[in-house]
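My plan is to pick a few spots, look each one up and jot down what turns up.

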Amino acid sequence: MKKLLHTEKELIEKLKNGDSFAFEVLFYKYRNKVKGFARNMVPAQIDLEEVVQEVFVKVWMKREMIKPDKDFQAYLFSIAKNLILDYLKSAVNRRLYFVEENFQQDMLIEEGSEITITQEAEDKLMELIDQMPERRREIFKLSRFNGMSYKQIAERLHISENTVDSQIRNALAFLRKEFRKFLALAFLYFFQ
Amino acid sequence: MTKQIIEIADRFIADEACSRQDLVELKMWLSNPASSVEVEAWLWEHWAMSPEDDSNAMIEVVFRQIDEYQNISSKPAFSLSQIMKVYQRIAAFLLIPLITLGVLFWMTQGNGSRQMVENIVPRGQKSQIILPDGTRIWINSDTKVKYPGNFEKKQRDIYLEGEAFFDVAKETSRPFVVHTSGINVKVLGTKFNVKAYPNENQIETSLFEGKINLTADDSKSSDRILKEVNPGEAFVYSKESHKLASKSFQKEEIDGWKNNRLIFKDDTFNNLVRKVERWYDVKILYDEKLFDDRHLTVELYEGERLERLLEIVGMTLSVNYQYDKGKIILTPKSKNM
């Protein structure tokens, strides 16, 4: 055991110096830890393996910040926590969208109607959002999940407010159409 | 306040119900710089208590993504050889038949010139080919297989340096002959494995099905039969003493390498090291005298990582390992540690 710890310290120094072999060894040693953390923290829909890979890409890119005299886990955590925090924030934003009636308004569901927003409906909408073209999806998410104004989005993406507006319209048209199909099917199923 | 917000945060990540007010507070807490120390402490607590979870994340994907980032910032921090190494590793498992280096060249024979095909499979890789006659060959790491683009009418000749498993298409009128630098294996249609690495003293032949003849490899008496081998038998030929001896038939081991599994069955330490070097394309340094009495039986599954093998070897054989510039150095664990 002693020897292994000693080896890890050497590995960390090698990683700092850009040794990809040492990086690989540390990846295999700690990927389970990172995945465990991710499973604990991020919503179920997120692909945990992708999170693990993303964390280790950052581990390599930011290796100059490593302090070899410190525990590797401290460094690993500092990388993982920022990514997890991003995932958490967008998960909270998403939830807010669904509890704040924005969702009903967007999908033209009348207030006081019988329809309750099930987890299934939420998942369906997320699935539909993922089907949209990348730019449109990004704009829709910034608007609906991050609560940014059209003006803020336009500035951030270096596009006109008109473009933001038309992208959101197109997104809503697509989502409403597809979501109605889903609801119709869901009701058929329900009354059978 | 802090305690309450942490309770909300814990509820949120546990996928339990949160009111709108809860979510608004949580959003504030997570993004407000004033609470970032609290957030970090909360995250650290979860980091510390999260149990490990078996991950299948792939280092190849990580390297590829790093590569993409670095292409964007046009600052190559990976050398070509490092990238090649990564791609080799992917290739070893995914692109098996594609990576084989097929080299065409002309070889003059007695009756004129014939086109020969040479397949070289480097260390760390494996390959599978199908010959014009329908014979399938699984080629192990660090192996060279050479054969004519079109087989002759009388005989199907193929030249082997390294290890390969043959599933020979049956042709009663045209024998299939595997030439090694020691003996030849002559067959009509069978399944068998030949291991004939130039840097090893022994040539091993194991028969799975059918019948094969081991013949001498001297030009004068190339048809002199040394041994008729039956299914389930294995023979080893010593290049030094020119003698054949029977050997235990290691079916699992051969099936293993064909299916990308590395198996050691009561292997000597030297054998083990040579296999690992070929399999993972690494260089291992150790003092032969200190290890020669150690034997090991291990079975590793497809894609098993080198680190894990070293851990097993380290534990079972009391060996310490260290990495040094791409090499692995093995030393015995001292008894009093």
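At what angle do helix H8 and helix H10 of chain B pack, and how far apart are their axes? Before I answer, a reminder to myself that this is a predicted model.

**Entry 1: two helices in chain B**

I looked up H8 (residues 269-280) and H10 (residues 306-316) of chain B, and they pack at an angle of about 170°, with 12 Å between their axes. Angles over 145 degrees count as roughly antiparallel, so that is how H8(B) lies against H10(B). Next I checked who makes the contact. From H8(B) I noted B:Phe269, B:Val276 and B:Tyr280, and from H10(B) there are B:Leu306, B:Leu309 and B:Val313. Sorted by class, the contact has six nonpolar residues, with no polar and no charged ones.

**Entry 2**

I then went to an open sheet of three strands in chain B, ordered S16-S19-S18, with mixed pairing. Its edge strands are S16 (283-285) and S18 (319-324) of chain B, each of which pairs on one side only. On average, neighbouring strands here are turned by 25° against each other, direction ignored. H10(B) comes back at this point: this helix packs on the sheet and touches S18 and S19 of chain B, its direction making about 150° with that of S18(B).

How many bridges join S18(B) to S19 of chain B? I found six, and the two strands run antiparallel, with S19 covering residues 327-332. One pair I wrote down is B:Val319 with its bridge partner B:Pro332 in S19(B).

**Entry 2: a hairpin in chain B**

Strand S3 (residues 127-130) of chain B has two faces. B:Ser127 and B:Ile129 are on the covered one, while B:Gln128 and B:Ile130 are on the uncovered one. S3(B) is joined by four bridges to strand S4 (residues 136-139) of chain B, and the two run antiparallel. Opposite B:Ser127 I found B:Ile139 in S4(B). The hairpin has five residues between its strands, and B:Gly134 takes a positive phi near 95°.

**Entry 3: B:Asp157**

Is B:Asp157 buried or exposed? The relative accessible area is 11%, and buried means under 20%, so B:Asp157 counts as buried. I placed this residue in strand S6 (residues 156-167) of chain B. I looked up the side chain's polar contacts too: one of 2.8 Å joins B:Asp157 to the side chain of B:Gln155, and another of 2.8 Å joins B:Asp157 to that of B:His179. Leaving out residues up to four places away in sequence, B:Asp157 touches B:Tyr147, B:Pro148, B:Phe151, B:Glu152, B:Val177 and B:His179.

Most residues other than glycine have a negative phi, so I went looking for exceptions. A:His158 sits in the loop between helix H8 (150-157) and helix H9 (161-191) of chain A. With a relative accessible area of 72%, A:His158 is exposed.

In chain B, B:Asp15 has a positive phi near 65°. Where does B:Asp15 lie? I found B:Asp15 in the loop between helix H1 (2-13) and helix H2 (20-31) of chain B. B:Asp15 is exposed as well, with a relative accessible area of 64%.

Key: Residues numbered from 1 in each chain as written. Chains lettered and ligands numbered in written order. Predicted model: local features only at pLDDT ≥ 70, side-chain atom pairs only at ≥ 80, totals over all residues. Heavy atoms only, no water. Buried < 20%, exposed > 50% of the residue type's maximum accessible area, 1.4 Å probe, protein only. Pairing = 2+ DSSP bridges. Polar contact = N/O pair within 3.5 Å; in protein donor to acceptor, adjacent residues only side chain to side chain. Contact = heavy atoms within 4.5 Å. Axes fitted to C-alpha atoms, helices over the stretch in contact; angles between N-to-C directions. Parallel < 35°, antiparallel > 145°, perpendicular 65-115°, else oblique. Nonpolar A, V, L, I, M, F, W, Y, C, P; charged D, E, K, R; others polar.
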